[in-house]
Amino acid sequence: MTTKQLIKRARRFTAPFRVDDGRRFRLRKVDPGDTLDLGSADKPRAKEALALGVEALAELQDKLYAQDRWAVLLMFQAMDAAGKDGTIKHVMSGVNPQGCQVVSFKSPSAEDLDHDYLWRCIKSVPERGKIGIFNRSYYEEVLVVRVHPEFLEGQKLPPELVTKRIWDERFQDIRHFERYLSRNGVVVRKFFLHVSRAEQKRRFLERLETPEKNWKFSANDVKERVFWRDYMRVYEDAIRETATKDAPWYVVPADNKWFTRLVVAAAIVETLDSLDLEYPRVDKEKRRQLEATRRALLREKG
Ligand code: ATP
Ligand code: MG
């Protein structure tokens with residue numbers, strides 16, 4: 001299969017899960033167990049397709065880097081154990097580490113809390129030619145902070161700025177910020193890895209029962225399960241409020257890791273392909289110089 005054919009096929013996997021306009025979005029319409037028309041018998045073929053996708057991604061990223069015009073910002077949000085880390089690891093496994101950076105956003109530090117909430121993320125927006133990955137992002141500010149308003153109290157905002165409208169204001173900030181980024185050549189794509197509560201339980205049990213996975217387990221993650229419905233509500237709201245043509249969400253079924261990775265790889269390939277990336281062309285003068293240098297090198301003895 002050529003890269004072109006692969007890119008065409010990528011749309012089949014991304015279109016059902018891409019949200020360009022949040023107004024009609026409903027989370028319950030996305031089944032975390034969805035694998036389109038692929039069954040577990042197709043798993044080996046899906047893995048092959050993923051490998052091809054990773055190769056295509058490496059090729060495209062090389063051009064992105066050489067061209068040095070666009071930056072690509074990929075944000076990953078999910079409940080715990082939905083597979084953010086594994087997806088990032090697999091999908092980006094073929095790309096040149098020099099052209100890619102991953103930043104994880106955990107609970108804010110004291111320094112972070114002394115600034116506006118976008119500050120720590122703005123510092124990590126990728127430079128031109130690079131792919132930046134946010135493992136969690138400023139979306140936590142309208143997700144975990146909304147489910148646990150006590151975090152908002154820790155943010156040291158002047159009290160008169162904390163009103164009922166704060167979430168709507170944050171959605172507006174985020175929409176404007178993402179528009180600003182896209183107007184500056186930073187291509188924004190957001191991924192919500194949608195795992196079911198039952199599958200999360202299975203994965204937590206696996207972490208508890210497998211010694212090599214024990215380190216991944218955090219008792220706090222289990223506590224958050226109590227707030228599942230609240231989280232689904234705020235996720236739906238965040239997607240509805242911030243999915244736009246320039247900064248779409250991909251709501252990716254995440255109960256089957258092989259399928260999640262396939263969709264995410266396809267979405268990134270689709271994104272890079274949409275940029276019409278090309279290696280920079282050299283002008284006549286430069287070509288003459290290259291040719292002269294080549295001849296000089298060939299004339300060298302030894
Ligand atoms: P993993 O568990 O795979 O290491 P993770 O992203 O879950 O990755 P943790 O250290 O377990 O990392 O969790 C980070 C926690 O920080 C999450 O519970 C997240 O909701 C929380 N967090 C992130 N940003 C904020 C924020 N702005 N305010 C409050 N909590 C936040
Ligand atoms: Mg965690």
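Author: What follows takes the labels one by one and sets values against cut-offs. The model is predicted.

Reader: What makes up the protein chain?

Author: The protein chain has 13 helices and 6 strands. Its C-alpha trace spans about 75 × 55 × 40 Å along the principal axes. Of its 302 residues, 47% count as buried.

Reader: Why is Thr242 called buried?

Author: The relative accessibility of Thr242 is 0%. Buried means under 20%, so Thr242 counts as buried. Thr242 is found in helix H11, residues 228-242.

Reader: Why is Thr35 called buried, and where does Thr35 lie?

Author: At 13% relative accessibility, Thr35 falls under the 20% limit, and therefore counts as buried. Thr35 lies in the loop between strand S1 (18-19) and helix H2 (43-67). A polar atom of the Thr35 side chain is 2.6 Å from the backbone oxygen of Leu38.

Reader: Why is Leu36 called partly exposed?

Author: Leu36 has a relative accessible area of 31%. Partly exposed covers the range between the 20% limit for buried and the 50% limit for exposed, so Leu36 is partly exposed. Leu36 is also in the loop between S1 and H2.

Reader: Is Ala81 buried or exposed, and why?

Author: Ala81 counts as buried because its relative accessibility is 10%, and buried means under 20%. Ala81 is found in the loop between strand S2 (71-78) and H3.

Reader: Why is Leu205 called partly exposed?

Author: Leu205 has 37% relative accessibility. That value lies between the limits of 20% and 50%, so Leu205 counts as partly exposed. Leu205 lies in helix H9, residues 197-209. Leu205 and Phe217 are 12 residues apart in sequence, and their C-alpha atoms are 9.2 Å apart in space.

Reader: What makes Glu300 exposed?

Author: Glu300 has a relative accessible area of 52%. Exposed means over 50%, so Glu300 is exposed. Glu300 is in the segment after helix H13 (284-299). Glu300 and Asp168 are 132 residues apart in sequence and 69 Å apart in space, C-alpha to C-alpha.

Reader: Where does ligand 1 sit, and which residues come nearest?

Author: Ligand 1 sits in the largest pocket. Of the 15 residues around ligand 1, Asp80, Lys106, Arg136, Glu140 and Glu141 come nearest. By class, the shell has 5 nonpolar, 1 polar and 9 charged residues. Helix H3 (84-91) and helix H6 (144-147) each supply at least two residues of that shell.

Reader: How do you know that ligand 1 has polar contacts with the protein?

Author: The distances show it against the 3.5 Å cut-off. An oxygen atom of ligand 1 is 2.8 Å from an N or O atom in the side chain of Glu140. A polar side-chain atom of Asp85 lies 3.1 Å from an oxygen atom of ligand 1. For a polar backbone atom of Ser107, the distance to an oxygen atom of ligand 1 is 3.2 Å. The protein covers 79% of the 630 Å² of accessible area that ligand 1 has on its own.

Conventions. Residues numbered from 1 in each chain as written. Chains lettered and ligands numbered in written order. Predicted model: local features only at pLDDT ≥ 70, side-chain atom pairs only at ≥ 80, totals over all residues. Heavy atoms only, no water. Near = heavy atom within 4 Å. Polar contact = N/O pair within 3.5 Å; in protein donor to acceptor, adjacent residues only side chain to side chain. Areas by Shrake-Rupley, 256 points an atom, 1.4 Å probe, with all protein chains shown as cover. 1 Å grid on protein atoms, 1.4 Å probe; cavity = no way out; pocket = protein on both sides within 12 Å on 5 of 7 lines; lining within 4 Å. Sits in = over half its atoms within 2 Å of the grid points. Helix = DSSP H or I, 4+ residues; strand = E, 2+ residues; numbered from the N terminus. Nonpolar A, V, L, I, M, F, W, Y, C, P; charged D, E, K, R; others polar. Buried < 20%, exposed > 50% of the residue type's maximum accessible area, 1.4 Å probe, protein only.
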